[in-house]
Amino acid sequence: MRIAIIGGGIGGLTAALALRQFGFEPQVFERAPELLEVGAAIIMWPNAMRVLHRLGLAEMVRVDGGSLEEARWLNRDGQLLNRFALPRTDLPAIVLHRAHLQQVLLGALPSDSIHLGHIFESYQQNSDVIVAKFNDGTSLEFDLLVGADGLHSRVRSQLLNDGPPVDRGYIAWRGVVSFTPEPVTPASAIEIYGSGQRFGIGPLGSGKVGWWASVNQNSGVVSDSQRDPADDLTPREELLQLFDGWCEPVLELIRATPLTSLIRNAVFDRQPVRRWGEGVLTLLGDAAHPITPNLGQGGCLAIEDAAILARCLNQYVWPANGERHEAARSIAVALRKFEVLRFARTATVTRCSRMYGVVGQWDDRWAVRLRRMTLSTVPDVLTQRLLRWLFDYDAYAVSI
């Protein structure tokens, strides 16, 4: 079966690996001319680690990452609001650099299955095949096309024509430093709350620490598209002003982060939709269900998608008589099954992540007080129950 995966991110690469486990030989088409070591920290929660374990990659991910065992909520002055242990599961939660995860996935794939510098333009479905067109004028024919091309997916744009993703009204920064400040303890994640602002910290292993920050756009920060080109304020200077007066190690981490590795983005997602595909086309990961970063589940959901998609296609058997229209019909059935199996979970996690972000970004004085009181009184048993629902999902145990 000729399978094209548009997008060489975490979802696309994992899908290629999961499909290869069942004997398929997918081809990945990535728009970037080379896959550079960019990005910041990413969390592989147990639901994603389970898939990586089945792909034989869990240990490679763990070796250069930091495990998480507990989380702490702090006020901006450093006051501890609450702390709770993460549920014990068969596999740990691992924080690592996104570039390392990408290299692990890439290293497990044949080099001739990755095609860089291929900018996808459009697709055309015929009766039994789908044609992918690229901006260099080439057109390639496939039996199946997977759109894993991220938040601003061109595959989704042609399929649904539903406009740009929704700007959620706050900006996020991410960075990594190569040392561990004194207030940061191993295996512990920290989230610090202010008025319309948050700061998160997590250990990456090997002595490194990843951090993120978020600030409401109505607090004076503007999105990249609205920035004045004449404004020479660096992202670091902007952050130092915004978080002036916060407890350490907030300012220490901002100062220590190289400008070249400081990432700044507006936060987007979309309302969940049930239609992810048509015919022999489907979407995967952020192209299907973009999610805000508040729960750290974006990459994890894409990895789950990859496993479920591969398992659904494994149910497909090429007809003995070799009739392509029958093959296309079987593929379409498998893809619609994949989409149905994934919709409810991805929609729920997307909504929960959005709501967690809304509460986290509250800036009204009374709302901030309510949030502080609520976070201080959340019982450990409740956080354990909610997190277990996220973490206990096993993409290889789902009934197909």
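Modeller: Happy to! Setting aside neighbours within four places in sequence, Ser178 is in contact (heavy atoms within 4.5 Å) with Gly207 and Lys208. A word on the basis: this is a predicted model, in which local features need pLDDT of at least 70 and side-chain atom pairs count only at pLDDT 80 or more, while totals for chains, interfaces and linings use all residues. Residues are numbered from 1 along each chain as its sequence is written, and side-chain values use heavy atoms, with hydrogens and water left out.

You will find Ser178 in the loop between β13 (166-177) and β14 (188-193); helices (H or I, at least four residues) and strands (E, at least two) are DSSP runs numbered from the N terminus. With a relative accessible area of 62%, Ser178 is exposed. Here buried means under 20% relative accessible area, exposed over 50%, and partly exposed in between, using a 1.4 Å probe and protein chains only. A separation of 6.5 Å lies between the C-alpha atoms of Ser178 and Val209, which are 31 residues apart along the chain.

Now for the rings. Those of Phe, Tyr and Trp (its six-membered ring) pair if their centres lie within 6.5 Å; planes under 30 degrees apart count as stacked, over 60 as edge-to-face and the rest as tilted. By this rule there are 9 aromatic pairs. In one of them, the ring centres of Phe199 and Trp211 are 5.2 Å apart with planes at 10°, so this pair is stacked. The pair links distant parts of the chain, with Phe199 in strand β15 (residues 197-205) and Trp211 in strand β16 (residues 208-216), 12 residues apart. Phe199 and Trp211 are both buried.

Phe243 and Trp246 have ring centres 4.8 Å apart and planes at 75°, so they form an edge-to-face pair. These two, Phe243 and Trp246, are buried as well. Elsewhere, ring pairs join Phe29, Phe120, Phe134 and Phe142 into a cluster.

Stepping back, the protein chain holds 11 helices and 19 strands. Of its 400 residues, 52% count as buried. Among contacts with a separation of 6 or more, 76% are between residues 24 or more positions apart. Finally, the C-alpha atoms fill a box of roughly 70 × 50 × 40 Å along the principal axes.
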